[in-house]
Amino acid sequence: MNIRLLVLGTDIVIVSILLVVYGLITSDTGLVGVGASIGVVGGVVVVYSFTPGEPALDAVLNYASMLVHAATAVVEDLDLLNSKVCVHGTSTPALIVFSKTGCPDNPNPGVGFAGSSPYFSIPVDVFRDVEKLEELSAQRLEDSLNSLIAGELALCKAVRVEQRGEFLAINVIGLAKPLADYTKYPLDPVVLLVLATIARLVGESKIHLVEKEATPGYTRLVVRVEKIA
Amino acid sequence: MLKRVELLILIYVLLTTSMNASLFILGENRIDAYVAVNVLSYFITYAVVRPFLETPLYVKVLNVALLLSFMIIVALRVYEVLVG
């Protein structure tokens, strides 16, 4: 909520009421019309004061950009630019792992080695209080992702999920503009958030990113969910 | 998001002020004319600025309320013309 706009809107409504009353007293319907019109403006400003808009949004975006560049440099140094991405949903927080040899068992946060192959893992703790899905189906996953990714985070306009055998195709439609610019980076916040959210919804599992296709404003992810008993 | 909302409010207020002043100077006495032109200014500004990626429910409610009021005003005018 924006208190500044709320106060401004309320003030405008009060002035409009005074104007309407004065217009009625002096029988000036033109003035009453102007007052009514100003009242509508006040009402609109009051409604728009409920818009969520954190003043720190720009700072957070700059910080995200800084982190993406830093993590990309690490991924480049480890020669993991064309690596496979998976999410370990078994640990808390979930770990997003970049590795050339698939999903290593029991990875540690940060840089590590599975055999002789390096991996880079990022701990991600999102939607801590969200309930796990009782049964994994495309429809249920779509509903949950729409509620969390599109509704709560306003990251995109909609999410569509299609079941293709053992794979799930996640279509992230209408990406928010500030995040659309990150699709060219190996560490795309949209991909990381979607994968971490799926891991949180599915519970004890490994989520493997099989394919990623990104066009401006649209990202398609094909994932395989490996349940761990 | 807030920047776009502030832009919308700025353009809307500028449009409304100029419309109200013009109508008042022209000697317009019908209250509904002021409100109708105001609602029109709002929708023009909204269509141009597009402040939201996903329109929140309270703005949808506001839009419907303003559209309904505009429709009622226009319907009453048309009815007046047809009857009178």
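Let me start with a definition: a residue is buried if 20 or more other C-beta atoms lie within 10 Å of its own, exposed if 12 or fewer, and partly exposed in between, with C-beta atoms placed from the backbone. By that count, buried residues make up 35% of the 229 residues in chain A.

Some ground rules. This is a predicted model, so local features need pLDDT of at least 70 and side-chain atom pairs count only at pLDDT 80 or more, while totals for chains, interfaces and linings use all residues. Residues are numbered from 1 along each chain as its sequence is written, and chains are lettered from A, with ligands numbered from 1, in the order in which they are written.

Okay, the layout of chain A. There are 6 helices and 8 strands; helices (H or I, at least four residues) and strands (E, at least two) are DSSP runs, numbered from the N terminus. Along the sequence, chain A reads α-α-α-β-β-β-β-α-β-β-α-α-β-β. Now contacts: two residues are in contact if their C-beta atoms, placed from the backbone, lie within 7 Å. Of the contacts in chain A with a separation of 6 or more, 51% come from residues 24 or more positions apart.

Let's go inside. A nonpolar core here is a set of buried Ala, Val, Leu, Ile, Met, Phe, Trp, Tyr and Cys residues joined through C-beta atoms within 7 Å. Which residues touch the most other members of the largest one? They are A:Ile149, A:Val194 and A:Leu195, in a core of 41 residues. Helix H6 of chain A, residues 189-202, is the top contributor to this core, with 11 residues. There's also a second, separate core of 28 residues, and its members include A:Leu31, A:Val40, B:Val39 and B:Tyr42. As background, nonpolar side chains tend to be buried together in soluble globular proteins.

Back to A:Ile149. Leaving out residues up to four places away in sequence, A:Ile149 touches A:Leu155, A:Cys156, A:Val159, A:Leu193, A:Val194 and A:Thr197. A:Ile149 is also one of the buried residues of helix H4 of chain A, along with A:Leu141, A:Ser144, A:Leu145, A:Leu148 and A:Ala150. What do the buried residues of H4(A) pack against? They pack against strand S5 (158-164), strand S6 (167-173) and H6 of chain A.

H4(A) covers residues 138-152, and at 1.5 Å a residue its 15 residues should span 21 Å; the end C-alpha atoms are 20 Å apart, which agrees. The expected span is 1.5 Å times one less than the number of residues. H4(A) does bend, by about 30° at A:Leu145, where the bend is the angle between axes fitted to the seven residues ending there and the seven starting there. After H4(A) comes A:Ala154, with a positive phi near 50°.

On to the strands. Strand S1 of chain A, residues 84-88, has 4 of its 5 residues buried, so it is largely enclosed by the rest of the structure. Two strands pair if DSSP finds at least two bridges between them. S1(A) pairs in the antiparallel sense with strand S2 (residues 94-99) over 5 bridges, and a hairpin joins S1(A) to S2(A) through 5 residues. In that pairing, A:Val87 has A:Ile96 as its bridge partner. S1(A) also pairs in the antiparallel sense with strand S7 (residues 205-215) of chain A, over 4 bridges, and there A:His88 stands opposite A:Lys206.

Now, where the chains meet. The contact takes 22 residues from chain A and 25 residues from chain B. On the chain A side, helix H2 (residues 29-48) gives the most, with 13 residues. That side divides into 13 nonpolar, 8 polar and 1 charged; Ala, Val, Leu, Ile, Met, Phe, Trp, Tyr, Cys and Pro count as nonpolar, Asp, Glu, Lys and Arg as charged, and the others, Gly among them, as polar.

Over in chain B, helix H2 (residues 31-49) has 19 residues and reaches 27 Å from its first C-alpha to its last, close to the 27 Å expected at 1.5 Å a residue. Its buried residues include B:Tyr34, B:Val39 and B:Tyr42.

Last stop, a couple of loops. Most residues other than glycine have a negative phi. A:Ser27 has a positive phi of about 55° although it is not a glycine, and A:Ser27 sits in the loop between helix H1 (3-25) and H2 of chain A. Is A:Ser27 buried or exposed? A:Ser27 is exposed, with 8 other C-beta atoms within 10 Å.
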